Amino acid sequence: MVADRVSSIVTQRHVRHVDPVLATHATGLVAEVYRQVAEEMRLVIPPAMLHSPSPEVLAAYWALIREPLMPPGRAGRLVKEAVAAAVAVASTCPYCTDMHTVGLYELSGERDAEAIGGDHLGEITDARLRQIVAWARGAHRDGGPPLPPGIAAAERAELIGVVVGFHYLSRMVNVFLTGSLLPPRLSPRSRRRLKRGLSYVMKPSVRGDHPAGRANGLLPPAPPRPDLAWAGDSPVLADAVARAFGVFELAGERSLDVAVRRLVLDRLDDWAGEDTGLSTGWCEDLVGELPPAPRAAARLALLTALASHQVTDRAVEEFRRHHPGDRRLIDATAWASAAAAARVGARHNGAVRADTA
């Protein structure tokens with residue numbers, strides 16, 4: 001009961017644009033996912049609750065995040081949390097950066113956690129971890145730094161899975177959650193003190209037993225996809241990502257016109273991982289000739305996929321004017337986030353065998 005009340009308070013403070021299902025009112029698939037999240041995370045966290053207006057997408061989010069990150073697998077939780085934090089930095093997602101550096105306070109200590117969160121990778125103590133974090137920081141770019149030698153195939157699949165999952169999640173968090181997990185206007189010393197306290201609370205989650213495959217059964221089976229071939233050396237993970245991306249595709253089909261999805265995918269085909277810059281003029285150039293309803297949808301989807309930290313309240317309101325309902329908003333942004341994340345993963349398909357030989 002206390003956890004439910006805490007969850008409700010945190011969610012009301014952090015979630016924007018949608019009315020999430022509170023844990024005390026959840027039924028059906030939402031209740032099933034919330035139960036797993038609460039058992040493994042100690043409460044139903046805001047990144048889960050923001051997805052709740054679309055139950056299938058909520059389950060897909062949980063499978064895509066849980067299965068690469070939480071079972072220790074070959075890579076271990078410390079390395080996976082470091083990769084998640086590095087992706088959050090790369091995606092300009094302060095909320096996710098705070099969340100995963102808090103986990104690192106428990107797993108690796110304050111020094112490495114702050115080095116990763118502050119994007120000072122040269123200060124990471126362990127050389128192998130430093131190389132893996134540098135790879136994760138640039139994994140969305142063509143020609144980014146390589147993983148260190150000696151990474152086994154199953155471990156590589158897990159690490160790419162964390163990268164893909166958090167390129168998805170950071171986009172959704174940038175759109176729907178407030179800017180930071182921690183209270184604003186804290187001094188650096190106070191932030192570190194609060195992180196140390198939160199890391200103690202998170203200890204059962206980051207050091208707990210999380211068997212692989214638990215989330216898979218929440219989703220219908222789905223065939224493998226060529227762009228997800230990076231997961232093939234970890235069968236349980238491959239099954240999870242196939243099921244999750246199958247759900248995201250259906251969400252896109254019911255929320256966005258074919259022409260809008262095609263516009264986003266064509267732009268992603270030309271994306272080499274570069275930052276789009278401070279201006280959103282590139283987006284306006286692409287959508288300017290469209291009628292009002294598809295223009296609003298294409299603007300939101302393009303910004304979510306390629307510059308999620310630049311999604312404004314106005315862009316969301318314009319989408320909702322033509323496409324009402326929380327579920328449609330979640331479906332559209334989840335599809336766009338997943339499309340970008342899938343592109344990031346596909347960059348690592350061809351090098352899997354060569355790098356591990």
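**Cavities, core and local features of the predicted model**

The second largest cavity is lined by S255, L256, D257, V260, A293, P294, A297, H323 and R328. The structure under study is a predicted model, in which local features require pLDDT of at least 70, side-chain atom pairs count only at pLDDT 80 or more, and totals for chains, interfaces and linings use all residues. Residues are numbered from 1 along each chain as its sequence is written, and side-chain values use heavy atoms, with hydrogens and water left out.

Cavities and pockets were defined on a 1 Å grid over the protein atoms alone: a cavity is a set of points where a 1.4 Å probe fits but cannot get out, a pocket is an open set with protein on both sides within 12 Å along at least five of seven lines, and lining residues have an atom within 4 Å of a point. Grid points are joined across faces, edges and corners, and a volume is the space filled by probe spheres set on the points. The second largest cavity has a volume of about 40 Å³. Helix α14 contributes the most to the lining of this cavity, with three residues; helices (H or I, at least four residues) and strands (E, at least two) are DSSP runs, numbered from the N terminus. By class, five nonpolar, two polar and two charged residues form this lining, where Ala, Val, Leu, Ile, Met, Phe, Trp, Tyr, Cys and Pro count as nonpolar, Asp, Glu, Lys and Arg as charged, and the others, Gly among them, as polar.

S255, one of the residues lining the second largest cavity, belongs to helix α11 (residues 235-255). With a relative accessibility of 2%, S255 is buried; buried means under 20% relative accessible area, exposed over 50%, and partly exposed in between (1.4 Å probe, protein chains only). A polar atom of the S255 side chain lies 2.7 Å from the backbone oxygen of A251. Apart from residues up to four places away in sequence, S255 touches R328, D331 and A332, contact being defined as heavy atoms within 4.5 Å.

In the whole structure, the search finds two cavities of 30 Å³ or more. The largest cavity holds about 170 Å³ of space. It is lined by 18 residues, of which M41, I45, M99, H100 and F166 are the closest to its centre. Two or more residues of this lining come from each of α4 (55-69), α5, α6 (94-107), α9 and α10. The lining of the largest cavity divides into 14 nonpolar, two polar and two charged residues.

The second largest pocket contains about 280 Å³ of space. Its lining comprises 21 residues, with A90, S91, H140, D275 and L306 nearest the centre. The elements that give two or more residues to the lining of this pocket are α5 (77-90), α9 and α14 (292-306). Six nonpolar, ten polar and five charged residues make up the lining of the second largest pocket.

In soluble globular proteins, nonpolar side chains tend to be buried together. A nonpolar core is here a set of buried Ala, Val, Leu, Ile, Met, Phe, Trp, Tyr and Cys residues joined through side-chain atoms within 4.5 Å. The largest such core has 118 residues, and those with the most contacts inside it are Y61, W62, V83, Y168, F245 and F248. Helix α9 (residues 153-176) supplies the largest share of this core, 13 residues. When residues up to four places away in sequence are not counted, W62 touches V33, Q36, V37, E40, M41, E67, M70, A215 and L218.

Positive phi angles occur at residues other than glycine. H17 has a positive phi of about 75 degrees although it is not a glycine. This residue lies in the loop between α1 (2-14) and α2 (28-41) and is partly exposed, at 24% relative accessibility. D119, likewise not a glycine, has a positive phi of about 60 degrees. D119 is located in the loop between α7 (110-117) and α8 (127-137), and its relative accessible area of 32% makes it partly exposed.

The loop between α7 and α8 also holds G122, which is exposed at 68% relative accessibility. The C-alpha atoms of G122 and D112 are separated by 10.0 Å, the two residues being ten apart along the chain. In helix α10 (residues 188-206), V201 is partly exposed, with a relative accessible area of 44%. V201 and R77 are 124 residues apart along the chain, and their C-alpha atoms are separated by 16 Å.

Note on methods
Polar contact = N/O pair within 3.5 Å; in protein donor to acceptor, adjacent residues only side chain to side chain.
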